[in-house]
Amino acid sequence: MQQGGQQMECGKEQQMQLVCVRSASTGEEAMAEWAAEQSSSRSALSLFKEKEEEIERRKLEVRDKVFSMLGRVEEETKRLAVIRQELEVMADPTRREVDAIRKRIDKVNKQLKPLGKTCLRKEKEYKMCLDAYNEKSNEKATLVNRLMELVSESERLRMKKLEELNKTIESLY
């Protein structure tokens, strides 16, 4: 540790000597150095200012472009709103007609439901009546046939009796 401490002390002494040597250099060199530093700092400052101005100019250009695009977007939005209104005006009459027709269809559907039920009920009644009618017609036809048979049988019997009577009368004369 002692050797490390001695080396540090030596390093410090050498730095001090260098500083003394530098400060001992001539005033002209110091002035020239200072002037060079000043001009380099001025050129760095002017370069920085130019870059700042360039950035500001580009920033303004971008802002102008953005505002111009926003203006166009607003104009297009207005145009779209106008077109939408025109479409609604064009579609509005047909929409009203469609709504009116739909309401009429709904109304007719409401009227058709009970009519359909009545129709089905009447069809069932009709079928029942038709079946009853057909049954009675068949019964009537059977009865008419039976009546015809009876009438023809009666006529035949009467004719037979008439003939017998006729024979009897002829035999009497």
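Analyst: Start with arginine 156. Its relative accessible area is 48%, so this residue is partly exposed. The classes are these: buried is under 20% relative accessible area, exposed is over 50%, and partly exposed lies in between, with a 1.4 Å probe and protein chains only. Two notes on provenance. This is a predicted model, where local features need pLDDT of at least 70, side-chain atom pairs count only at pLDDT 80 or more, and totals for chains, interfaces and linings use all residues. Residues are numbered from 1 along each chain as its sequence is written, and side-chain values use heavy atoms, with hydrogens and water left out.

User: Which residue forms a salt bridge with arginine 156?

Analyst: First the rule. A salt bridge is a side-chain nitrogen of Lys or Arg within 4 Å of a carboxyl oxygen of Asp or Glu. Here the partner is glutamate 153, with the closest N and O atoms 2.4 Å apart. Glutamate 153 is partly exposed, at 35% relative accessibility. The two are three residues apart in helix 2, so about one helical turn separates glutamate 153 and arginine 156.

User: How are helices assigned, and how many helices and strands does the chain have?

Analyst: Helices (H or I, at least four residues) and strands (E, at least two) are DSSP runs, numbered from the N terminus. This chain has two helices and zero strands. Helix 2 covers residues 27-172.

User: How many salt bridges come out by this rule?

Analyst: The count is seven. Take glutamate 149 and arginine 146, whose side chains meet at 3.7 Å, N to O. Both lie in helix 2, three residues apart, about one turn of the helix. Glutamate 149 has a relative accessible area of 47%, so it is partly exposed. Arginine 146 is also partly exposed, at 46%.

User: What is the N to O distance between glutamate 139 and lysine 136?

Analyst: Their closest N and O atoms are 3.8 Å apart, and the pair forms a salt bridge. Again the residues sit three apart in helix 2, about one helical turn. Lysine 136 is exposed at 52%, while glutamate 139 is partly exposed at 40%. Elsewhere, Glu54, Arg57 and Arg58 are linked in a network of salt bridges.

User: Which residues gather in a patch of negative charge?

Analyst: Patches are made of residues with over 30% relative accessible area and no salt bridge: like charges are joined within 9 Å, nonpolar side chains (Val, Leu, Ile, Met, Phe, Trp, Tyr) within 5 Å. Lys and Arg count as positive and Asp and Glu as negative; His and the chain ends are not counted. A charge is placed at NZ of Lys, CZ of Arg, CG of Asp or CD of Glu. The negative patch on this surface holds Glu50, Glu52, Glu53 and Glu56. Glutamate 53 lies in helix 2. It is exposed, at 54% relative accessible area.

User: Which residues form the nonpolar patch on the surface?

Analyst: Areas come from the Shrake-Rupley method with a 1.4 Å probe; for residues, only the protein chains shown count as cover. Met159, Leu162, Leu165, Ile169, Leu172 and Tyr173 form the patch, with about 740 Å² of accessible area together. Leucine 172 belongs to helix 2 and is exposed at 67%.

User: What share of the chain is buried?

Analyst: Buried residues make up 0% of the 173 residues. The accessible surface comes to about 17,200 Å², of which 59% belongs to carbon and sulfur atoms.

User: How many disulfides are there?

Analyst: A disulfide is a pair of cysteine sulfur atoms within 2.5 Å. The count is zero. Cysteine 119 is partly exposed at 40%, and cysteine 129 is exposed at 51%.
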